[in-house]
Amino acid sequence: MFPKDVSILQINGWGYGMISFGLEGKGALVAGAGSVPGRAGHGPATCLRLAAAGATVACVDIDEGRAAEVVAVVERSGGRAFPVVADLTDRTQVERAVTEAASQLPSLDACVDIVGGARWDRVGDFSTEDWEWTLRNNLTQVFYVFQTVGRHMMEQGTGGSLVALASVDGIAAAALHAPYGAAKAGVISLVKTFSQELGRYGIRANAVAPGNVGTGNEDWPEGTWAADTINPLAPPRTRDIANAALFLCSSLAERISGQTLVVDGGASTRELWGMTEDLLPQWRTGLYDRSKVSE
Ligand SMILES: NC(=O)c1ccc[n+]([C@@H]2O[C@H](COP(=O)([O-])OP(=O)(O)OC[C@H]3O[C@@H](n4cnc5c(N)ncnc54)[C@H](O)[C@@H]3O)[C@@H](O)[C@H]2O)c1
């Protein structure tokens, strides 16, 4: 006998055929949908994934050219998308952008907020301008976007999924970029609060926390593991972040809310003791020198 859940899935015809993401004919808003040259390109990758799952994508960006470019990329791949131009750090523009997006989407069912970035300095030297810029771009605008899209989803009455890009720096220390770590920790907190308050409307809120997605990570040969000292598995790529965002937007995650999905090739699981395989024989024979381990 199968457990009850599995039996129900079988009765409903699941287990046969292809798995659906539940996004066919639905609408998604991607905030910061374009890409700054030389950066990871989380916006376009997320738009492409959502479109490939069947959603029409409202590509919102501060830069008209970048918004148009990502729309063209999605359309070339056979998906549906349209541009919306807005500075999402401005509450009035967020409200206008969400209204504009919703009026062209079949419905507003998913939202992924990509906007963000870090400035670097010592904790002792950070300027007020850099502190405020970082909080505004990484945290305040997520609040505006989630609040406005959340209100729309509540009125629509068919639930929805809110996703924001956080960072492993919101979980571990963010040395030399303190405001960024604090802002991303704020995003991790925000998704818990939105999940608590909007759950009764069927609205979920989650974050994806990328590790070090460099633009060269795509170049690691397939099947090459533990190739650097940071990632026990392999460096995360842009597509891995987009896959996580798609999963959280999809019906596959329909009972997941308030969570942060870390996508970092295992980097944040690294142990702290410095124990290595070379030291194991010493440990077994009682000659284990603790000072060596903490070196
Ligand atoms: N690359 C990594 O290693 C990494 C790691 C952790 C987290 N992240 C997160 O990923 C996100 C950035 O991803 P990326 O580097 O691919 O993006 P990006 O810097 O290329 O920017 C994406 C788009 O956002 C737009 N944008 C910027 N400010 C905006 C605003 N005020 N309103 C509307 N649109 C705006 C830009 O025009 C751009 O097209 C950030 O949230 C960052 O914290 C990245």
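Predicted model: local features only at pLDDT ≥ 70, side-chain atom pairs only at ≥ 80, totals over all residues.
Local features are given where pLDDT is at least 70 and side-chain atom pairs only at pLDDT 80 or more, while totals for chains, interfaces and linings use all residues. Residues are numbered from 1 along each chain as its sequence is written.

The chain is assigned domain 1 (21–264) and domain 2 (271–295), with bounds from an automatic or database domain assignment. Their C-alpha centres are 41 Å apart.

An open sheet is built from 7 strands in the order E3-E2-E1-E4-E5-E6-E7, with parallel pairing. Strand E3 (80–85) and strand E7 (260–263) are the edge strands, each pairing on one side only. From one strand to the next the twist averages 20°. Here strands (E, at least two residues) and helices (H or I, at least four) are DSSP runs numbered from the N terminus, and two strands pair if DSSP finds at least two bridges between them. Strands of a sheet pair through backbone hydrogen bonds, either parallel or antiparallel. Strand E1 (residues 27–31) and strand E4 (residues 110–113) run parallel and are joined by 4 bridges; in one of these strands, E4, Ala-110 is the bridge partner of Ala-28.

Helix H3 (residues 64–76) lies across strand E2 (56–61) and E3, at about 175° to E3. Helix H7 (residues 238–249) also packs on the sheet, touching E1, E4, strand E5 (160–165), strand E6 (203–210) and E7, and its direction makes about 165° with that of E6. Contact means C-beta atoms, placed from the backbone, within 7 Å; axes are lines fitted to C-alpha atoms, for helices over the stretch in contact, with angles from 0 to 180 degrees between N-to-C directions.

Arg-239 lies in helix H7.

Most residues other than glycine have a negative phi. Leu-176, in the loop between E5 and helix H6 (178–198), has a positive phi near 70°. Ala-226, in the loop between E6 and H7, has a positive phi of about 50°. Leu-176 is partly exposed, with 15 C-beta neighbours inside 10 Å, and Ala-226 is exposed, with 12.

The ligand is surrounded by 25 residues, the closest being Gly-32, Gly-34, Arg-39, Gly-116 and Val-213; a residue counts as near if its C-beta atom, placed from the backbone, lies within 6 Å. The shell divides into 9 nonpolar, 11 polar and 5 charged residues. Ala, Val, Leu, Ile, Met, Phe, Trp, Tyr, Cys and Pro count as nonpolar, Asp, Glu, Lys and Arg as charged, and the others, Gly among them, as polar.

Terms used. Contact = placed C-beta atoms within 7 Å. Buried ≥ 20, exposed ≤ 12 C-beta atoms within 10 Å, placed from the backbone.
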